[in-house]
Amino acid sequence: MKRPLLTLGLLMAAITAFAGPGAHGPNGEHIDQTGPTNASGLARLPDGSVNVPKVAQRRMGLRTLIAPETEAAATLELPGRVVQDPNASGRVQASHGGRIEPGPKGLPVPGQAVQKGEILAWLHHHADPFSQANQEAQRAELRAARQLAEQRLKRLEGLEGTVPRKEIDAARLEAESLAVRERSIAASLDAREPLRAPVSGVIARSDLAAGQVIDARDVLVEIVDPARLMVEAQTPDVTLGVRIAGAQLAGVSGVKLALAGVPRALRDGTLPLSFRAQGDKSVPLAVGQTVGVIVALKDSAKGVVLPAEAVVRSPVNEPIVWIKTGAERYTPQPVQVKPLDAKTVLVTRGLAADNRVVVQGAPLIAQIR
């Protein structure tokens with residue numbers, strides 16, 4: 001009796017040793033599995049699928065959906081950036097070189113709200129030493145000439161009646177002219193120019209400091225209206241502008257884009273498309289911010305509409321969705337997707353009509369190892 005039992009034991013050991021992948025034992029366990037992978041039952045199986053017990057499904061908040069194939073507007077995602085609206089923004093520049101002095105409310109800071117015409121700072125003009133010396137000399141000459149003209153006017157006024165009236169009037173006009181010229185020269189030596197806000201809005205950029213010396217045409221302050229911003233997208237397709245039915249920002253809800261017009265000139269080999277941002281003013285957008293523009297075309301495409309969170313990335317950076325193939329098993333499925341708006345996507349390839357797709361909690365399943 002011992003020899004048959006020994007032979008049976010050796011046979012079972014050989015079967016276990018040479019069992020291929022996917023072989024099962026008498027209790028349904030994988031023979032090629034070395035042991036329990038996770039005490040909670042969460043496990044990544046050899047075929048790439050994931051085992052998620054019912055308790056874990058409820059805890060992770062997994063939700064699935066059988067989405068039918070529908071027809072939706074074809075979309076295209078373009079790179080873009082937030083720019084200023086030229087009709088609701090402005091720049092403060094210096095017309096001459098000089099030194100910066102704080103305004104009535106101090107120097108402006110980014111984020112500060114300003115009104116049109118408000119004095120942001122003072123620009124104290126300065127001249128080179130030779131020009132300033134010439135102005136000082138001219139001022140001294142005018143002062144001396146004015147004093148002589150005033151003395152001559154007094155003498156003529158004292159001889160009124162014996163001196164022709166026209167000489168007295170000429171002396172008076174000469175004295176007044178010299179006085180005006182002297183005041184003009186004096187004002188130019190100590191002149192300061194107010195730097196005013198050209199539009200109402202918010203300070204987007206300020207490069208001012210007390211005592212700062214600047215040159216002419218330097219951009220000192222930029223002002224934008226956060227409620228009137230634009231988005232500029234780039235595309236190499238010159239025919240895209242006439243095929244656009246609508247546009248939205250990728251990953252940003254509450255903002256719609258209206259095409260401002262189709263340009264007829266390329267810039268650096270691409271067509272710049274300008275959109276006016278409309279919608280919720282509380283959405284934080286900053287000038288220069290890089291965004292994705294989802295353009296809805298007048299053409300249509302067939303596919304399965306899913307929430308954007310249903311599509312995740314595989315370890316090789318491939319877009320996938322998780323399909324429920326059993327009570328506790330989820331299988332990754334590679335797909336091809338196109339964004340529809342900030343919250344939904346269109347799966348154009350990879351899904352069948354009877355697939356139960358995970359629409360909530362897919363990122364949690366992808367993290368199971």
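Me: How much space lies in the largest cavity?

Reply: In this predicted model, the largest cavity holds about 40 Å³ of space. A search of the whole structure at 30 Å³ or more finds 1 cavity.

Me: What makes this space a cavity, and which residues line the largest cavity?

Reply: A cavity is a set of points where a 1.4 Å probe fits but cannot get out. Lining residues have an atom within 4 Å of such a point, so K105, G106, L107, P108, Q112, E118, I119 and L120 count as its lining.

Me: Why is the lining of the largest cavity said to have 4 nonpolar residues?

Reply: Leu, Ile and Pro count as nonpolar, so L107, P108, I119 and L120 belong to that class. The lining also has 2 polar and 2 charged residues.

Me: Why are β6 and β8 called paired strands?

Reply: Pairing needs at least two bridges. Strand β6 (residues 98–102) and strand β8 (residues 119–125) are joined by 5 bridges, so they pair. They run antiparallel, and R99 stands opposite H124 in β8.

Me: What makes β9 and β11 edge strands?

Reply: β9 (192–196) and β11 (213–214) each pair on one side only. The open sheet has the order β9-β8-β6-β11.

Me: How do you know that L249 is in contact with V231 and V255?

Reply: Contact means heavy atoms within 4.5 Å. Leaving aside neighbours within four places in sequence, the residues in contact with L249 include V231, V255, L257 and A342. In the largest nonpolar core, of 22 residues, L249 is one of those with the most contacts inside it.

Note on methods
Residues numbered from 1 in each chain as written. Predicted model: local features only at pLDDT ≥ 70, side-chain atom pairs only at ≥ 80, totals over all residues. Heavy atoms only, no water. Core = buried A, V, L, I, M, F, W, Y, C linked by side-chain atoms within 4.5 Å. Buried < 20%, exposed > 50% of the residue type's maximum accessible area, 1.4 Å probe, protein only. Helix = DSSP H or I, 4+ residues; strand = E, 2+ residues; numbered from the N terminus. 1 Å grid on protein atoms, 1.4 Å probe; cavity = no way out; pocket = protein on both sides within 12 Å on 5 of 7 lines; lining within 4 Å. Points joined across faces, edges and corners; volume = space filled by probe spheres on them.
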